[in-house]
Amino acid sequence: MYQDYTAIALLLFTAVPLAAVAVTAFFYVKNNDRKTPLKREDFYR
């Protein structure tokens, strides 16, 4: 019984932060305002 709880705890402590990082990166890329890379003329405005 003790091993079951430690396996669940280890799974949660590893899966939840990784999922949070993945969701954060996904929404950052999805909501990025600038879709094109910077060009030379962008610096002369």
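Leu12 has a relative accessibility of 49%, so Leu12 counts as partly exposed (between buried, under 20% relative accessible area, and exposed, over 50%, with a 1.4 Å probe and protein chains only). This is a predicted model: local features need pLDDT of at least 70, side-chain atom pairs count only at pLDDT 80 or more, and totals for chains, interfaces and linings use all residues. Residues are numbered from 1 along each chain as its sequence is written, and side-chain values use heavy atoms, without hydrogens and water.

Leu12 sits in helix 1, residues 2–30. The protein has 1 helix and 0 strands (DSSP runs numbered from the N terminus: helices are H or I, at least four residues; strands are E, at least two).

## Surface

The protein has 45 residues, and 2% of them count as buried. Its accessible surface is about 4700 Å² (Shrake-Rupley method, 1.4 Å probe). Carbon and sulfur atoms hold 70% of that surface.

## Aromatic pair

The structure contains 1 aromatic pair (ring centres within 6.5 Å; planes under 30 degrees apart are stacked, over 60 edge-to-face, the rest tilted). Phe26 and Phe27 form the pair, edge-to-face, at 5.4 Å centre to centre and 70° between the planes. Phe27 is at 41% relative accessibility, so Phe27 counts as partly exposed.

Terms used. Rings of Phe, Tyr and Trp (its six-membered ring) pair if their centres lie within 6.5 Å; planes under 30 degrees apart count as stacked, over 60 as edge-to-face and the rest as tilted.
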